[in-house]
Amino acid sequence: MTSIAAGTAAPDSAEFVLRDFGGGPFGIYVHVPFCATRCGYCDFNTYTAGELGSSASPQSWMDALRGELSTAAEVFGELPSPQPRVSTIFVGGGTPSLLGGDGLAGVLDAVRANFTLAADAEVTTESNPESTSPRFFERLRDAGFTRVSLGMQSAAEHVLRVLDRTHTPGRAVEAAREARAAGFDHVNLDLIYGTPGESDADLDASLDAVLAAGVDHVSAYSLIVEDGTALARRVRRGELPAPDDDVLAARYERIDARLAAAGLTWYEVSNWAATDSARCRHNLGYWDGGDWLGAGPGAHSHLGGVRWWNVKHPSRYADRVREGLPAAGWEALTAAEQHTERVMLTARLRTGLPLAELDESERRSADRVIADGLAVRCADRLILTDRGRLLADAVVRTLLT
């Protein structure tokens, strides 16, 4: 087997990598590292054309992606059990829609060439509204994509300016309608709330726009000022105020109330869906402790209790693919680490955390969380209350300490 991280101590057999692989739902994440411009709040592994220069291009990235997927398939081929069928594919970034419909169809073709998709596989791509069109969505449907996630963030122009977003306020709604017209049953809009200068009226206008778009899924995230970003530098210089926790809590409650009234129910703290089938199965795989292969620069993988992550820069990534799998490092999670992650992620789900997952000390902590009104016991599960969702991180800390 090709070592996971060339030049570092690494597992040397497929059995080690997949020693605990249970054969359950298996996803593939593909990272597209390209963006037209860099948003001020973003700390993802992305690059503009000016930052890359001539060191990498969409074509060199695509060639390397095909190589990585081919090598990964060879690793699976060493296992005595059949290669797992792919339940979900998620193409993220970055801005995958910059590849165009044909480019994204090529990504899906590269996955299909090396892995077998389940008959009901969910296939999602993220898209920037400005780099989409009716023909773009039609091409995606023809290629086999089943779900689209559009970055809206806000309907207020001045809020988009603070975030350094380049799309016009109404374009996200238009794009969502175009996707539905092209035959997509499942369309998501992303919102960011708590941006400096955003008012309650601005948030209401964004929610009005989301509901008018007729989407069946909404993700809403509070603005986080990440170290090293342009937004962090502006906050540090005093040009912008830092997001206020009380304001963020009030905005979350406002979002939840509006979406619930419109028939979208939360199923993870930051995600709402109109029906069970509208839930993002790929992300549920992460939250439920599933297995996935991450392909592309900086992508992370988790298989059989082993996690590894690829080198970040696209040109270095392409170089490493020629040597084998392009990982920068790996770690085999201990039982305690896996337990911590299960509690952290599962507690955020509407289905709740199985109490059987907790040891005696943690169950006593769960009793305190219930007494504080942050969760309820429902049959054999611990489920966050509305107030508990606002303090989900604190609930997890209480359970684990």
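**A lined cavity and a helix pair**

Strand E15 gives the most to the lining of the second largest cavity, with 3 residues (strands are DSSP runs of at least two residues and helices, H or I, of at least four, numbered from the N terminus). The model is predicted, with local features needing pLDDT of at least 70 and side-chain atom pairs pLDDT 80 or more, while totals for chains, interfaces and linings use all residues. Residues are numbered from 1 along each chain as its sequence is written, and side-chain values use heavy atoms, without hydrogens and water.

The structure holds 2 cavities of 30 Å³ or more (on a 1 Å grid over the protein atoms alone, sets of points where a 1.4 Å probe fits but cannot get out, with lining residues having an atom within 4 Å of a point). The lining divides into 8 nonpolar, no polar and no charged residues (Ala, Val, Leu, Ile, Met, Phe, Trp, Tyr, Cys and Pro count as nonpolar, Asp, Glu, Lys and Arg as charged, and the others as polar).

Turning to the helices, the axes (lines fitted to C-alpha atoms over the stretch in contact, with angles from 0 to 180 degrees between N-to-C directions) of H4 (residues 100-114) and H5 (residues 134-143) come within 8 Å and cross at roughly 15 degrees. H4 and H5 are therefore roughly parallel (under 35 degrees). In H4, Gly100, Gly101, Asp102, Leu104, Ala105, Leu108 and Arg112 meet Phe136, Arg139, Leu140 and Ala143 of H5 (heavy atoms within 4.5 Å). This contact comprises 6 nonpolar, 2 polar and 3 charged residues.

Technical notes:
Angles under 35 degrees count as roughly parallel, over 145 as roughly antiparallel, 65 to 115 as roughly perpendicular and the rest as oblique. On a 1 Å grid over the protein atoms alone, a cavity is a set of points where a 1.4 Å probe fits but cannot get out, and a pocket is an open set with protein on both sides within 12 Å along at least five of seven lines; lining residues have an atom within 4 Å of a point. Grid points are joined across faces, edges and corners, and a volume is the space filled by probe spheres set on the points.
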